[in-house]
Amino acid sequence: MEELALAHDGVEDDLEDALAAGSPVILVVEVTTEFENASAEGLIEIPDIRSPAGDYHAVLIVGATTDPDHGRLLLIRNSWSKYWGAGGYGWLPTNYLIAHAVQAAVVVI
């Protein structure tokens, strides 16, 4: 693994470059109520900046897309079973990373 510096700007070009090169990314995020309660489609809402602090959790980013209603989204694989999100997967907005992402690393294959 190689550490990946996060820009915390809602764009995260280096992270997306790693994904485009075929390398998954491990991301450590703060678990908010919104993260815990991903929709059945896997969408994770961006919490209010005044939300209470939560614990941290690692997920695997395996893809990305742009949604016309929600902007840039990262496809994450969570370890909380197939009953979380959309069968264990979720769509994390890049804006979630601004205040709630702690660390990232590229999985070097």
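**Close-up views of a predicted model**

**View 1. Gly71 sits in strand β4, which spans residues 71-77.** Strands (E, at least two residues) and helices (H or I, at least four) are DSSP runs, numbered from the N terminus. This model is predicted: local features need pLDDT of at least 70, side-chain atom pairs count only at pLDDT 80 or more, and totals for chains, interfaces and linings use all residues. Residues are numbered from 1 along each chain as its sequence is written, and side-chain values use heavy atoms, leaving out hydrogens and water. Gly71 is partly exposed, because its relative accessibility is 27%. Buried means under 20% relative accessible area, exposed over 50%, and partly exposed in between (1.4 Å probe, protein chains only). Ala101 lies 30 residues away from Gly71 in sequence. In space, the C-alpha atoms of Gly71 and Ala101 are 18 Å apart.

View 2. The protein chain holds 3 helices and 6 strands. Read from the N terminus, its elements run β-α-β-α-β-β-β-α-β. Along the principal axes, the C-alpha atoms of the protein chain fill a box of roughly 30 × 30 × 30 Å. A compact globule of 109 residues would have a radius of gyration near 13 Å, and the protein chain agrees, because its value is 13 Å. This radius is taken over C-alpha atoms; the globule rule is 2.2 Å times the number of residues to the power 0.38. Of the 109 residues of the protein chain, 40% count as buried.

**View 3. Glu16 and Arg72 meet in a salt bridge.** The structure holds 2 salt bridges. Each needs a side-chain nitrogen of Lys or Arg within 4 Å of a carboxyl oxygen of Asp or Glu. Between Glu16 and Arg72, the closest N and O atoms are 2.6 Å apart. Glu16 belongs to helix α1 and Arg72 to strand β4, so the pair ties together parts that are 56 residues apart in sequence. Glu16 counts as buried, because its relative accessibility is 15%. Arg72 has a relative accessible area of 29%, so Arg72 is partly exposed.

**View 4. Asp48 and Arg50 form a salt bridge.** Their side chains come to 2.7 Å, N to O. Asp48 is partly exposed, at 36% relative accessibility. Arg50 is exposed, because its relative accessible area is 70%.

**View 5. Four aspartates gather in a patch of negative charge on the surface.** The residues are Asp9, Asp13, Asp14 and Asp17. Patches are made of residues with over 30% relative accessible area and no salt bridge; like charges are joined within 9 Å, and nonpolar side chains (Val, Leu, Ile, Met, Phe, Trp, Tyr) within 5 Å. Asp and Glu count as negative, Lys and Arg as positive; His and the chain ends are not counted. A charge is placed at CG of Asp, CD of Glu, NZ of Lys or CZ of Arg. Asp14 lies in helix α1, residues 13-20. Its relative accessible area is 46%, so Asp14 is partly exposed.

View 6. Leu6 is buried, because its relative accessible area is 16%. Thr94 is 88 residues from Leu6 along the chain. The C-alpha atoms of Leu6 and Thr94 are separated by 11 Å. His8 is not a glycine, yet its phi is positive, at about 55°. Most residues other than glycine have a negative phi. His8 has a relative accessible area of 32%, so His8 is partly exposed.

**View 7. Ser81 has a positive phi in the loop between β4 and β5.** Phi of Ser81 is near 95°, and Ser81 is a residue other than glycine. Ser81 counts as partly exposed, because its relative accessibility is 33%.

**View 8. Ser39 lies in the loop between α2 and β3.** Helix α2 covers residues 33-36, and strand β3 covers 56-67. Ser39 is partly exposed, with a relative accessible area of 25%. Gly90 is 51 residues from Ser39 in sequence. In space, Ser39 and Gly90 are 8.3 Å apart, C-alpha to C-alpha.

Notes:
Areas by Shrake-Rupley, 256 points an atom, 1.4 Å probe, with all protein chains shown as cover.
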